[in-house]
Amino acid sequence: MPFVMETALKEDAEAGLPPAGPVAVNVTTLIDAGVGRYQIGIFVICFMISLMDGLDSQIASVTAPTIVRDLDLPLSVLGPLLSASQVGSLLGALLLGACGDRFGRRPTVIVCALLFSCATLATAFAHTAPVLLALRVITGMGVGGALPCYLALVAEYTPTHRRASTVALAFSAVPGGGIIAGLLGAFLLPIYGWHVVFYFCSALSLLICIAAVRTLPESLGFLIARGAPAARIRRVVQRLRPQLVLPADTIFTTLEERADGVPVKRLFSESRAPMTLLLWLAFLVSYVVVIGTLVWTPGLMRQAGMSVAGGSLILMFSNIGGVAGILGAGQLVDRFPRHAFSLKAGLFLFGAIATALFGAVAPAFALAAMFAALSSFLVAAGQSGLYALAAMVYPTFMRSTGIGWASACGRIGAALGPLLVGLMVTASWSPQTVLLGLGL
């Protein structure tokens, strides 16, 4: 069915007949017809941006103790330093994420990626606590603004029946970046120092930014919703389906809902309010646990008696579990959409138990690595399913805003998580008690 129009156009062209009147091409139908090389290229670029998102946002968790020591900063700076990027991510999700619905996914993603890349590079030259905190906030703003836009872009170039798993796969690169951060902390940081770690991270990010500028297109759904010139839409469609013959007067349409007005207000209209509020609450609570655990894992493991390298490797295993959980969550949402909420409840419940056990077994490296990976697997699976749901329940004209505001609630939790753990540590709680508290 998706290629009925295409076949008819080919037959007319082969017979030398002009098409009878303007031809209407539904881009949603073309995208749902299958995944081609062009869509795979879009996904790869977004996946790499997501990878840098995770790397640049988590690298402070392995470098912060060394930075505080080398710059002779008070230990009280450690908690704010770990939370600064999460505060920035909140601001970015609220202020920049919605720009994807106003100015387009492509320019917003590129600007945000350049922002966190440059801020990461500048961090290597910082020498005072205020400058460090400011740069981590700016890094977070880029990360928070980019995420809803590249997830929306992935969703809008993916067939509907594969949307949840593909969005989850793109999001899995965030903890993938955390894996790289753990490896850098274990092998690069002890030898070359924290400055070189930030040089390395920023160089990778800038290379991917260049690739995005050269290859990343704008969302077809966004172009049609904004009334972009047909010639611009045609160029993207031709790259999407090179075999398609398109007359000059082709009209492009989409099955996605279109509307005018303020997208934020519409998150609560047309019976969307319960889903919106549920997503916001779930994002808030899950991020408190996930980020609170991740950014403090190296420090808590050192407090429990592990080495710097051991704590960094535990962080790596935690992120490996997160990647696996995220990938599994997307498949579950696509396969069992009617049971998505009960599945997530089970994942979060068993994730809470695994988090408490992670603390109980420290500093035994093998057991700690196993439960860290299991905890991240379960909680990240539930959390990534939330992103997949957000990408599915909100239409094109508000998708970046919907994902962005849900993500912003998560960023509030992400900012509170490290501060909450910092208060526990300041109150002389043991690592085992801290992780039990997070599990509860």
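Contact here means heavy atoms within 4.5 Å. The model shown in these views is predicted.

View 1. Leaving aside residues up to four places away in sequence, Leu55 touches Gly177, Gly178, Ile180, Ala181, Leu184, Cys201 and Leu204. Gly178 lies 123 residues from Leu55 in sequence, yet the two C-alpha atoms are 5.3 Å apart.

View 2. H19 covers residues 431–439, and its buried residues are Pro431, Val434, Leu435, Leu438 and Gly439. An α-helix has 3.6 residues a turn, so residues three or four places apart point the same way. The cover over the buried residues of H19 includes helices H14 (273–304), H16 (340–361) and H18 (396–426).

**View 3. Helix H6 and its packing partners.** H6 comprises 19 residues, 105–123, and at 1.5 Å a residue should span 27 Å; the end C-alpha atoms are 27 Å apart, which agrees. Buried residues in H6 include Arg105, Thr108, Val109, Ile110, Cys112 and Ala113. Further along H6, Phe116, Ser117, Ala119, Thr120 and Thr123 are also buried. The buried residues of H6 pack against H3, H5 (99–102), H7 (129–156), H10 (194–215), H11 (220–225) and H18.

Definitions and conventions: Residues are numbered from 1 along each chain as its sequence is written. This is a predicted model: local features need pLDDT of at least 70, side-chain atom pairs count only at pLDDT 80 or more; totals for chains, interfaces and linings use all residues. Side-chain values use heavy atoms; hydrogens and water are left out. Buried means under 20% relative accessible area, exposed over 50%, partly exposed in between (1.4 Å probe, protein chains only). Helices (H or I, at least four residues) and strands (E, at least two) are DSSP runs, numbered from the N terminus. The expected span of a helix is 1.5 Å times one less than its number of residues.
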